[in-house]
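Please walk me through this structure. I am new to it and would like a plain account in running paragraphs.

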Amino acid sequence: MASLISSEISFIRRRSPTPLFFSTKSALVLHSSLAFSRSSPGKTRRCFAASCRRRDRSSKRVTMDEGKIADASGEMVFQPILEEGVFRFDCSETSRAAAFPSLSFAGPDLRETPVAAQRLPDYIPTFRSSNGQQTVMIQFPSGTSFYGTGEVSGQLERTGKRIFTWNTDAWGFGPETTSLYQSHPWVLALLPEGRALGVLADTTRRCEIDLRTASTMKFVSAAVYPIITFGPFDSPTEVLMSLSHAIGTIFMPPKWSLGYHQCRWSYESDEKVLEVTRTFREKCIPCDVIWMDIDYMDGFRCFTFDKEHFSDPKSMVNDLHSRGFKAIWMLDPGIKSKKGYFVYDSGSENDVWVKRADGKPFVGDVWPGPCVFPDFTMERTRLWWANLVKDFISNGVDGIWNDMNEPAVFKTVTKTMPESNIHRGDVNLGGCQNHSHYHNVYGLLMARSTFEGMKMANSNKRPFVLTRAGFIGSQRYAATWTGDNLSNWEHLHMSLPMVLQLGLSGQPLSGPDIGGFAGNATPKLFGRWMGLAAFFPFCRGHTEKRTADHEPWSFGEECEEVCRLALLRRYQLLPHLYTLFYLAHTKGTAVAAPLFFADPKDVRLRKVENSFLLGSLLICGSTVPDQGTHECSNILPKGIWLRFDFGDSHPDLPSMYLKGGSIIPVGRPLQHVGEANPTDDLSLFIALDEHGKALGVLYEDDGDGHGFTQGDYLLTYYAAEINSSVLTVKIIKSEGSHKRPQRAFRVKLLLGGGAMIDAQGIDGEELHMKVPPESEVSKLVSASEIQYNKHMEHSKRIPDVDSLSSRKGMELSKMPIELKSGDWFLKVVPWIGGRIISMVHLPSGTQWLHSRVEIDGYEEYSGTEYRSAGCSEEYKVVRKDLEQSGEQESVCMEGDIGGGLVIQRQISIVKDNPKVLQVDSSIIARSVGAGSGGFSRLVCLRIHPVFTLLHPTEVAVVFYSIDGLKHEICHESGELSFEGNNRPNGEWMLIDRCAGLALVNRYDVHQVKKCMVHWGTGTVNLELWSEERPVSKDSSLKICHEYEVRQIS
C-alpha cells in the first residue's frame, strides 16, 4: 500500500507544481495554491505592522493567530521538505498558511519548499487546537529514550521531564529548573532498536515540552506552528546532520578560541588584567584568552571604557597580544537612557528601541539604571548595532560577549520586559508582534548583529561571539556557556549533560563556568572540574564578584598542578578538537557526544553521565568527591577501547580511551595557540580494530580567516594496517590546496593498559614499524598496568574539602542532606540556617523552591525584622530518619539563636500521607536565666519561604479569608499583609495556571497571627508569622504547617 501511495504522489507531483499536503487517512490532501500560501500571510502581517506603526492608542493589537484558528483535533497533515526523511506537519492547510516564518531555519524558504520524496513518515503527530493553544503529541514504541531540549539542567536522558522554552535569567539554577537562558524546542528520540528521530516544534513562542509520559512526546504552545520531523535514521549522528541542513551548522571558530579562557566578574583594572596574564605565563599554565566583564565600561555604558581603570584599552590589548593573549569584551543590550550618551542619542535618532504598547520606548532597569533596548527584529537596528560593533573592534577587541540578552530586566517579577511590548519586526521575520512572539529569539538576533559587525570590522578574521541567550539556530553566529552555575559538586556533575544536550540540539560550542560562578570552589572541586572541562568544546573559568580568587593557582600547589596537566592535555589534543569542529561546521556532526553514540543499540549507555565522546576519543571522569577516576567503575561500549595518557595520569584527571580502528592527531604541549608552528612534530595515536586496521583524519588551515572557504586548507586521511607483524601507516587521501608542512610525525601504537610503542617518520611518507609478538605485548601491557597503579597510588592528590573547611565560602561545596520520599525531593543545608534550598514535587517535575545556599530558599527568623537571628546560624542535626524503603523521611535540626533560645525545625514526609510535606517549627527556651523570670526577650517565629515562579505572569496567590471573602493576589500587588479576619482560613494556594498546578500551604490559624505576600524578581514569599512575645520553657512559639500540590483545571 505504501508503495502505491508513493507512486501516486510522484505522479501528481510531476503533473502539478502545486505543493501537496498528505494525510495518512486520505493519503493525499491538496493544499491551496503556492501563491496564496506565501503571499497571503505576508499581506496580513504587513497590514498588521502598519497598524502597529500607527500606534493604536487603545493598546489592543490582534495578532494573526488570535481567534483565527478554529478548535479542532486529529492527525496532522504532512509534506516532505528539505531532503529524504524530513517532513513538515501542520494541523491543516489553513494552519500552514497562517504559520509565522521560521527563525530557526538557516534559509527562509527551506521550510516552505516541498521536495520529491520516496518515503512516508513513520510517526504521525496528532494535534488538538483549543483556546488559542495547539497541543501536539507523538507516540513512540515502548523503550524509547528522549534527549535534547537544548539548554536544560538535570539528567542526560530527558524521559520523565518537562520544560518550558522561555529564555530566563536563571542565576543559580538547579536540576529541576524548567526554563534557562536558551530555547530549543527540539527533542531527539532514540528508538529501542537504536534508530533515531528528531522533532522540532518550530515556534518562537513559549513552548511546553512534556516528556513525562513514557515514550510520548508532547508540545504545547500558542497556535499555530508546524512540527518538523527528521528521520528515523539509522543513527543519532544522521539526525544531527539532517537537522544542520535545516538550522545551519556552527560557525568555524578561530583556533585560538579553542584554547583556555580566563574570566572574572570583574578584573577591576588593566593592571590586574596584565598581572593575571603574566602569572599564567610565569607558572606555565596554558591560556589563550582573557575576558573583560561589565566593569571595564564607564558607568556600565556599552561601547565605552572606564577612564580611570581602563584608560588605554589599545595599549593594554597590545601588551596582551605580545604575550599571546586575546581579549574579549562584554556588550549588553540595555542601553542607558540618557541624552548626551552617544549610543542612546544615535539609537533614538534612528528609532531603534523596543516600544511599549502605547508606542513610547520601553525603559527598564539593568546595570546602568534606566535603559532602553534595541529592537533587533528590525534590519535597520541590526545594521545600527553592527556599525557600533565595527567601530568598537578598532580598540583591539578580539571577541565579544553578549550577556543579559534574554533580555534580562531588573525590578520586575518576570525578570524581563512586558510581553505587551512591541517589536516592529521585518516582514520576513514575522512582522510587527508583541514581545511574547520575539522574546526567545532576542538573544539570537543580537548575536547575529554582533557577529555581522565583527565581520564588517575585519573580513580577514573569523568573528568570535559568546551569547548567554539564544534559540535553536544560534550556533550560526555564536558560542554559548551554560549560565550562572554554582560552585558545588552537583553543578560539576550537571555541566557534562548540559554540554551534551546543547550539542544534541545543534550547538556544539558550549561549556560551563569552570569551578562554578556563584560561591567559592574547594581545591578538589575546582581541580576535578578543570580536569573534566579541559575536554569540553568551550573551556572557560569564571566566577562572580565577592568570591575568592578562582585562577588555577588560587587553590594550592596540588590543584595548580592538576589544572596545568589538564590544560596541557587540551592543547595537545587541539589538532583533534579543531578537526572535530571542522567536521561540525561542514557536516553538522557533534563535537562532544553522549556515550550512546558509540553504540545506539546498547541500552547500557543511554544514561551514562560521567563519560562522553570526542569523536573516537572516550573521556571518563569522576564527579563525586570521594572517588578518583581510577576508583570509578566506568561503563565502556562494546568492542576495543584502549586506555592511554600523555604520561600525566592522576586520580583527579579523567581517563582517556581510544576506540579500536581509530587514529587521532596530537600536537606538542603549548602555552597558547599562537606558539604552534606548522613544522612542529605531529603525533598519531593509533588503536587497531579486530582486523588490525585503523583510520583517522586531520584538518589544518591558518587557524583564522576565511581562506578555507576557497580551498586553502589541508584535510588528510590516514590509514594504518598490520600485516606480518609490520604496521604500515600512510596517507590514503588528502583535500585542499594548503601545502603540507615539512614535519616529522611520530606514530604511537596503543597496546592496552596504557602501554604503547612508537616510531618516527616524515609526514607524507609511508611509515613501517615492527610490532612485537603477542607474548612481548602481554608483558608490556602488564608492566604498564603495574606502573599506572603505582603512579596513581603515590600521586599527590588535591586535599579533601574538610581539611580546608575554614576557608571563607567553602559552604557552597558541602553536600546537602537529601530527603526523598513520596511526592517530594528536598535538599537541606543545616550549616547555614537549616534552610531548604530545593523543593521538588516529583509527580509533576516542578521545582517550587530553588535558592542559593546562603540566602533565600526556605528560611525562618526569630524576629519581625528581615533576616533576624535564625536564618544564617549553623543548625545541628538532632535526629535524622532517612528510610531506604521510602516509607518515611525526616530530619530534625536545632539552631542556637542566642539568649538561651533555639529554633527547632522538623521536616517530614510521612508514610501515611506521602503527598504532604510537613514542617513543624518552634522557638524553644533552653537556658533562659532566672533573673528574667524564666522568660526570654521578645521573639516572633517568622516562616519565610521564597518560592520560584516558573511563569510569573500566570501565577496568583488565592485563598478564602476567615471572614469568608475570596482573595486573588497577582504579581502587580507588591507586598500585602493579612491579619485578623483577613488572614487565610488555614489554607492558601500559589497557583500556576500555565503549569495547571497549585502549591497548597495549610497551617493552624491559632498559631499564625499574620500572613504576608511579597513579590520579588521571579519569586514570591508566602510568609507565616506567629505572635510576638517572650517564651519560657513551658511556653514555646510554634507553627506547624504543610505543603501539597494539587492539579487545577
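**Cavities, a pocket and a helix pair**

The lining of the second largest cavity divides into 7 nonpolar, 8 polar and no charged residues. Here Ala, Val, Leu, Ile, Met, Phe, Trp, Tyr, Cys and Pro count as nonpolar, Asp, Glu, Lys and Arg as charged, and the others, Gly among them, as polar. The model is predicted, with local features needing pLDDT of at least 70 and side-chain atom pairs counting only at pLDDT 80 or more, while totals for chains, interfaces and linings use all residues. Residues are numbered from 1 along each chain as its sequence is written, and side-chain values use heavy atoms, with hydrogens and water left out.

This second largest cavity has a volume of about 100 Å³. On a 1 Å grid over the protein atoms alone, a cavity is a set of points where a 1.4 Å probe fits but cannot get out; a pocket is an open set with protein on both sides within 12 Å along at least five of seven lines, and lining residues have an atom within 4 Å of a point. Grid points are joined across faces, edges and corners, and a volume is the space filled by probe spheres set on the points. Of the 15 lining residues, Leu-240, Ser-244, Gly-506, Pro-508 and Gly-588 lie nearest the centre of the cavity. Helix H4 (residues 236-247) gives the most to this lining, with 4 residues. Helices (H or I, at least four residues) and strands (E, at least two) are DSSP runs, numbered from the N terminus.

The structure holds 9 cavities of 30 Å³ or more. The largest has a volume of about 120 Å³, and among its 17 lining residues Phe-100, Asp-202, Thr-203, Thr-204 and His-437 lie nearest its centre. That lining divides into 10 nonpolar, 4 polar and 3 charged residues.

Next comes an open space. The second largest pocket holds about 1000 Å³, and of its 34 lining residues the closest to its centre are Gln-133, Val-220, Ser-221, Arg-993 and Cys-994. Strand S14 provides the largest share of the lining, 4 residues. The lining divides into 8 nonpolar, 13 polar and 13 charged residues.

Finally, consider two helices. The axes of H12 (residues 523-533) and H13 (residues 557-572) come within 8 Å and cross at roughly 5°, the axes being lines fitted to C-alpha atoms over the stretch in contact, with angles from 0 to 180 degrees between N-to-C directions. H12 and H13 are therefore roughly parallel, the term for angles under 35 degrees. Their contact residues divide into 9 nonpolar, 2 polar and 1 charged.

Key:
Parallel < 35°, antiparallel > 145°, perpendicular 65-115°, else oblique.
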